[in-house]
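Subject: Structure handover and notes

Dear colleague,

I am passing on the structure below, together with notes on what was found in it. Please read the notes with the sequence and the structure side by side.

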Amino acid sequence: MTTHEPNLLNLAGSHYLITGAGSGIGRATAALFASLGARVTLVDCDEAPLAELIDNLPNGPHARRVYDLADVEGIDDLVRDIVSANGRLHGMVHAAGTQVVMPARDIKPEMWRRILAVNTEAALALARNMARKRVCQGGGSVVFISSVMAMAGSAGSVAYSMSKAALHGMARSLALELAPLSVRVNCIAPGFVRTPMLERLERTWDASQRDAVEALHPLGFGEAQDIAHAAAFLAAATGRWITGTVLVVDGGYLAK
Amino acid sequence: MEDFLKEMADILDEESVNESDRLDGFDAWDSLAILSVIAMADSRYRAAFSAQQVRAAGTVGDLYRLLSASAKAG
C-alpha cells in the first residue's frame, strides 16, 4: 500500500512579506512562494519590476510597496500599512541587499552606513514586528538572506561582510525572543548566484577573474531559484523545528 | 577634475596628485587601489570598468579621460 505524504511545502493560506522582490533572490522567492500558495507582499525600491512581477504571480491577491529600506525609521509604519491593507503576516524574507566592493582603507562612512542600513538594520526593523500580535498571524518564519561573505573573508567586501555577519548573530538572539510565539528566525548564506548584483560585479572583472570566482564554487555559480528553494524549505512545515541557524547554500564555496 | 584628483590622492594615500603622474609610480597603486577606482567610477560616474581597463591607464590623467569619456557616452 502506498501512503501519500501531504505536500509539506504547501504555503496556502499564508501571507509573506518579501523585500528585494524586484530582482534576483527576492524575485525568485516571491515567485516560488506564490506558486506554493502564499499571498505575498513585495517590497522594493524600484516600482517597475514589482508591477511586472505581480501581474504574473499565481494565486493571490498579492500586493506591492515601493520603499527604500535605508529609511529604517519608517519601517514600522511600512509594516503597519501592509498589515492593515493586506492582513497579518506569517513571516518575511529579507532579500534586499546592497554592496560596494571597496577596500577598507578607501570606503567612506556614508557607503558603509547605507550597506548596514539596508542589509542589517532593516532586517531588525522588519523582523521585530513579528513579536507584535497586530502584525503576526501566530507562528511563522523569518528568513534573512546573508552571504558566504559573513563566514569567509574577501578583499574589498569588508562592509558587506560586516553587514551579513551581523545577521547571523541577530538571527540567533531573535530566534530565542520569538520562539515562545512559534516564530522561527534563520539565515540563508548563499554563495555567488546569478543575479543583477553579480552581473554588476562581473562587469568589473576580466574573463580570468570571473573564472577564478566561479571556480571557488565546486558546483559553479548558483541560480536565484536555488536560494528560493531553501527559503521555502525554512518557511514551510519542513522547517518547523529549525530556528536560530544558518543554512549555507553555496555550491560548495565554504567546503574548501 | 579637481574633485577627481582629490579622490585619487585619497586612494593613492598621497597629499596630492597631478594629472601627469604615472600610476605605477605610486607605492599604493595595487589591486586594492584598482578596486577603489572601479567603485569610484561606479558611484560617481555610473560607469563599469574592469580591472584590466583601469590597469591599462598609464597616468592619473589617462584614468580621468577614461572615466569622463564613459560618463559622456552614458
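A pocket here is defined on a 1 Å grid over the protein atoms alone, as an open set of points with protein on both sides within 12 Å along at least five of seven lines, and its lining residues are those with an atom within 4 Å of a point. This is a predicted model, in which local features need pLDDT of at least 70 and side-chain atom pairs count only at pLDDT 80 or more, while totals for chains, interfaces and linings use all residues. Residues are numbered from 1 along each chain as its sequence is written, chains are lettered from A and ligands numbered from 1 in the order in which they are written, and side-chain values use heavy atoms, with hydrogens and water left out.

The pocket

The second largest pocket has 13 lining residues, and those nearest its centre are A:Leu11, A:Tyr16, A:Ala235, A:Ala236 and A:Ala237. Its volume, taken as the space filled by probe spheres set on grid points that are joined across faces, edges and corners, is about 180 Å³. The lining comprises 6 nonpolar, 5 polar and 2 charged residues, where Ala, Val, Leu, Ile, Met, Phe, Trp, Tyr, Cys and Pro count as nonpolar, Asp, Glu, Lys and Arg as charged, and the others, Gly among them, as polar.

The strands of chain A

Strands (E, at least two residues) and helices (H or I, at least four) are DSSP runs numbered from the N terminus, and two strands pair if DSSP finds at least two bridges between them. A:Tyr16, one of the pocket residues named above, stands opposite A:Gly91 in strand E4(A), and strand E1 (residues 15–19) of chain A runs parallel to E4(A), joined to it by 4 bridges. Strand E4 (residues 89–94) of chain A in turn pairs with E5(A) in the parallel sense over 5 bridges; A:Val93 has A:Val143 as its bridge partner in E5(A), and A:His94 has A:Phe144. A:Phe144 also stands opposite A:Cys187 in E6(A), and E5(A) pairs with strand E6 (residues 183–190) of chain A in the parallel sense over 6 bridges.

Buried means under 20% relative accessible area, exposed over 50%, and partly exposed in between, with a 1.4 Å probe and protein chains only. In E4(A), 6 of its 6 residues are buried; in strand E5 (residues 136–145) of chain A, 8 of the 10 are buried, so this strand is largely enclosed by the rest of the structure.

The aromatic pairs

Rings of Phe, Tyr and Trp (its six-membered ring) pair if their centres lie within 6.5 Å, and planes under 30 degrees apart count as stacked, over 60 as edge-to-face and the rest as tilted. By this rule there are 5 aromatic pairs over all chains. The rings of A:Phe192 and A:Phe221 are 6.3 Å apart at their centres with planes at 45°, so this pair is tilted. A:Phe192 is buried at 16% relative accessibility, and A:Phe221 is buried at 6%. In chain B, B:Phe4 and B:Tyr64 form a tilted pair, 5.1 Å centre to centre with 55° between the planes, and this pair links helix H1 (residues 2–11) of chain B with helix H4 (residues 60–73) of chain B, the two residues being 60 apart. B:Phe4 counts as buried at 3% relative accessibility, whereas B:Tyr64, at 23%, counts as partly exposed.

With best wishes

Terms used: 1 Å grid on protein atoms, 1.4 Å probe; cavity = no way out; pocket = protein on both sides within 12 Å on 5 of 7 lines; lining within 4 Å.
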